[in-house]
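Here is a note for a colleague who is new to this structure. Please keep the model open while reading the points below.

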Amino acid sequence: MSLSPNLSSRAGLLLASLLLSALTACAVNEKQPAPLAAEPPPPPPVAVGAAAPMAAADAAAYAVRAESSAKLMQSQSRIGFMPPRPAPMPGVAAEQREQYAAIASNPVQRAAENPVSTFSIDVDTGAYANVRRFLSQGQLPPRDAVRVEELVNYFDYRYPAPRDRNTPFSVSTELAPTPWNAKTHLLQIGVQGWKPQGERPAANLVFLIDVSGSMESPDKLPLVKASLKLLAQQLRPQDRLSLVVYAGRTAVVLEPTAGDQQAKIIAALDQLEAGGGTNGGAGIDLAYAMARQGYIKGGVNRVMLATDGDFNVGVTDFDQLLDRVKTQRKSGVALTTLGFGTGNYNEALMEQLADAGDGNYAYIDTLKEAQKVLVRQMDATLTTIARDVKIQVEFNPAQVAEYRLIGYENRALRREDFANDKVDAGDIGAGHTVTALFEVALVGEGGERIAPLRYAAAQGASAQSGELAHLQLRYKRPGDGNEAKSLLIERAIAAKDSSTLAASSDSFRLAAAVAGFGQLLRGGQYTQGFDYTAAIKLAQDARGRDEDGEAGEFLQLVQLARSLDAAALNTPVEDHGG
């Protein structure tokens, strides 16, 4: 049977219209499928600071309504799979309500005019996982989502371990030519945290989980539950775990419970469903109250906040939320933030809440990332070995004409803050590695970007003319009180320690490749002719054993970025073996 030309044309138009509607819905519709069970009523109100459990009847009803979706999630978490959020259709911009703090890259400094760089240590890695999420969905990340130091610090460079357990971390330095500028050098400062042997201290953990309506998609609350189950399965009888939820109201779903009661903990997680507004401020207060109730002297006491950061009920002012956390940290309870989801993600709040709470920030985009942060790096995530760690580098103008700190823009401190023990700084976890990179232009090598001042005093030969720079670190021991005096580590960096790029260590070249990649994603203001292909070549040469496969994954991300950037510029991508 054949259709008339008129009917065939009309059928074709109808089919085209249906296809266009389907494609548009896939690209721009942010709404996820409805939950399998009817939305439960909001948890009963709990006064701020109180630690009252959810009423038994409400909890039972809550669990019954969640049963079918809980069974689905149990089967998914058992096989280690979480359904990813659909990627946007190419060429169609999805609704973007994500929030990132504006970052202006650190400027070049003349050593003769401003020889000292002071900043707080940073162990956060959330920006790397978030950048990976964007690239995996076929988008270049917003520039302000790229904090270069967090990309660099995602990798373990295996610096030499501390020789003396009384010193919580070791310090290593390396100097070699900059991959993106033959006239400058890259100075790498590596900090390796001590990893205690034997059993870690008992842990008192409070899971603070956002169960508001914005958390219902597969990459949010379902992934939160699967991720926290991984951590719960690592707990021991001496550990304690509490579970606090918040939406429009807050509730205690699980009071402090011994870590070996796995069935009870997992059942409490399984009952959670999303619905309602987001009163994050009240949830934070209640979580800290539970942490104080289960406080373990000499142990690990930490709140772990899992959310997309979209607070829209109660205290929503950014500064007020930060002040709450700064006040609460005085109790000796730290705050770790775990970011989830897309579309409305408030990354700026998540990162700064962790900073204010003497904790760390990670972004969980897959169950594999949860395994890394919450299981493989559990000691580093939970156990602090040094508090308020600050770095100060004084460059010798007789050797260094100019320098530029790569990243750490929102960790900058004033020079006088270094010796002021009242000024808060970052903490280092057990076994953590931290890396800082400076691009330096040596005197007489032609790498300067800034002309010297006409009336600047002439720089004579320094008494320490063989020193490139003087490095100092200050830190406090975890067991010391809030009023404790900081301890000082210092060392000179010799100019003669420079090597060629080819002779530099694998860790140096990998860190340089990651730093170059991060700068390219931010616009490449200082990267000269360095491009994605050069980053791929540099990382390939530095890949080494790559036991965890992270360097290999990094190469894939650079390749993705190269293709997306070329597509945006409408230029072909050459195959250079990457």
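1. Tyr 159 counts as buried because its relative accessibility is 8%; buried means under 20% relative accessible area, exposed over 50% and partly exposed in between, with a 1.4 Å probe and protein chains only. Tyr 157 is also buried, at 5% relative accessibility. The model is a predicted one: local features need pLDDT of at least 70 and side-chain atom pairs count only at pLDDT 80 or more, while totals for chains, interfaces and linings use all residues. Residues are numbered from 1 along each chain as its sequence is written, and side-chain values use heavy atoms, with hydrogens and water left out.

2. Now the ring pairs. Rings of Phe, Tyr and Trp (its six-membered ring) pair if their centres lie within 6.5 Å; planes under 30 degrees apart are stacked, over 60 edge-to-face, and the rest tilted. The count comes to 16 aromatic pairs. Tyr 157 and Tyr 159 make a tilted one, with 5.9 Å between centres and 35° between planes. Tyr 403 and Phe 438 form an edge-to-face pair, at 6.2 Å and 65°. Tyr 403 belongs to strand S12 (residues 400–406) and Phe 438 to strand S14 (residues 433–442), so this pair ties together parts 35 residues apart in sequence. Helices (H or I, at least four residues) and strands (E, at least two) are DSSP runs, numbered from the N terminus. Tyr 403 is buried at 4% relative accessibility, and Phe 438 at 0%.

3. Rings also gather. One aromatic cluster includes Tyr 128, Tyr 154, Tyr 157, Tyr 159 and Phe 554. The charged end of Lys 372 sits over the ring of Tyr 154, 3.2 Å from its centre. Arg 133 lies over the face of Phe 134, 4.3 Å from the ring centre. The rule asks for NZ of Lys or CZ of Arg within 6 Å of the ring centre and within 35 degrees of the ring normal.

4. Which strands pair with S11? S15 (residues 467–476) pairs with S11 in the antiparallel sense over 7 bridges. Two strands pair if DSSP finds at least two bridges between them. Lys 390 of S11 is the bridge partner of Ser 120, and Lys 390 also partners Arg 474 in S15. Val 389 stands opposite Gly 426 in S13. S11 (residues 384–395) is mostly covered, with 10 of its 12 residues buried.

5. Next, the cores. A nonpolar core is a set of buried Ala, Val, Leu, Ile, Met, Phe, Trp, Tyr and Cys residues joined through side-chain atoms within 4.5 Å. The largest has 41 residues; Phe 207, Ile 209, Leu 243, Leu 272 and Leu 338 have the most contacts inside it. Helix H6 (221–232) is among the elements that supply at least two residues of this core. H6 gives the most, with 8 residues. Apart from this core lies another, of 39 residues, among them Ala 513 and Phe 554.

6. Last, Val 244. This residue lies in strand S6 (residues 240–246). Val 244 is buried, with a relative accessible area of 0%. Its contacts beyond four places in sequence include Phe 207, Ile 209 and Met 290; contact means heavy atoms within 4.5 Å. Val 244 and Met 290 are 46 residues apart in sequence and 8.3 Å apart in space, C-alpha to C-alpha.
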